[in-house]
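Reader: I have a structure to go through and I am new to this. Can we take it step by step?

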Amino acid sequence: MASYGRRQTLEIATNLIKTLTSSSNFRCLSGGAVSKEIVTSHTAKWMQDTSKKSPMELINEVPPIKVEGRIAACEGDNDPSLGHPIEYICLDKDEPAICKYCGLRYYQDHGHHH
């Protein structure tokens, strides 16, 4: 009898999840249902003021950072609470390497000798 109750509860939960995720008013993000209306209004909020620069435009204004060695260590900010996990970036190529978290660019100072 107890297994029938668990099975019925599981079936109800499964049907509820299917209903929520298949509804045209919701979309699934990271395992949770989010209203499309919320997503649309949030996007519209950021897109309405075209006088402000986007985060990518702002980060592209930062000139590439010269590094003396072959490896750059990027934390996004000098303040750990504002940065991101440390990312070690190889600078062996001629073009600047980009941090995957914050977009800062780094290049090797080829004129530097050890």
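Reader: How many bridges join strand β6 to β7, and do they run parallel or antiparallel?
Author: Strand β6 (residues 97–98) is joined to β7 by 2 bridges, and the two run antiparallel. Strands here are DSSP E runs of at least two residues, numbered from the N terminus, and two strands pair if DSSP finds at least two bridges between them. This is a predicted model, where local features need pLDDT of at least 70 and side-chain atom pairs count only at pLDDT 80 or more, while totals for chains, interfaces and linings use all residues. Residues are numbered from 1 along each chain as its sequence is written, and side-chain values use heavy atoms, with hydrogens and water left out.

Reader: Which residue in β7 is the bridge partner of Ala97?
Author: Tyr106 is the partner of Ala97.

Reader: What about the hairpin of β6 and β7, which residue takes a positive phi there?
Author: Gly103 does, with a phi near 90°; the hairpin has 6 residues between the strands.

Reader: In what order do the strands of the sheet come?
Author: The order is β3-β7-β6, an open sheet of 3 strands with mixed pairing. β3 and β6 are at the edges with a single partner strand each, so one side of each has no neighbour in the sheet.

Reader: And β3 with β7, parallel or antiparallel?
Author: Parallel, over 3 bridges. Val67 has Gln108 as its bridge partner in β7, and Lys66 stands opposite Tyr107.

Reader: New topic. How many residues make up the largest nonpolar core?
Author: There are 10 residues in it, among them Val67, Ala72, Ala97 and Tyr106. Such a core is a set of buried Ala, Val, Leu, Ile, Met, Phe, Trp, Tyr and Cys residues joined through side-chain atoms within 4.5 Å.

Reader: What does Ala72 touch?
Author: Leaving aside residues up to four places away in sequence, Ala72 touches Val67, Glu87, Tyr88, Ile89, Leu91 and Tyr106. Contact means heavy atoms within 4.5 Å.

Reader: Tyr88, buried or exposed?
Author: Tyr88 is in strand β5 (residues 87–90) and counts as exposed because its relative accessibility is 54%.

Reader: Last one. Where is Glu68?
Author: Glu68 is in the loop between β3 (65–67) and β4 (71–74). The C-alpha atoms of Glu68 and Asp109 are separated by 5.1 Å, though the two residues are 41 apart along the chain.

How values were computed. Helix = DSSP H or I, 4+ residues; strand = E, 2+ residues; numbered from the N terminus. Buried < 20%, exposed > 50% of the residue type's maximum accessible area, 1.4 Å probe, protein only.
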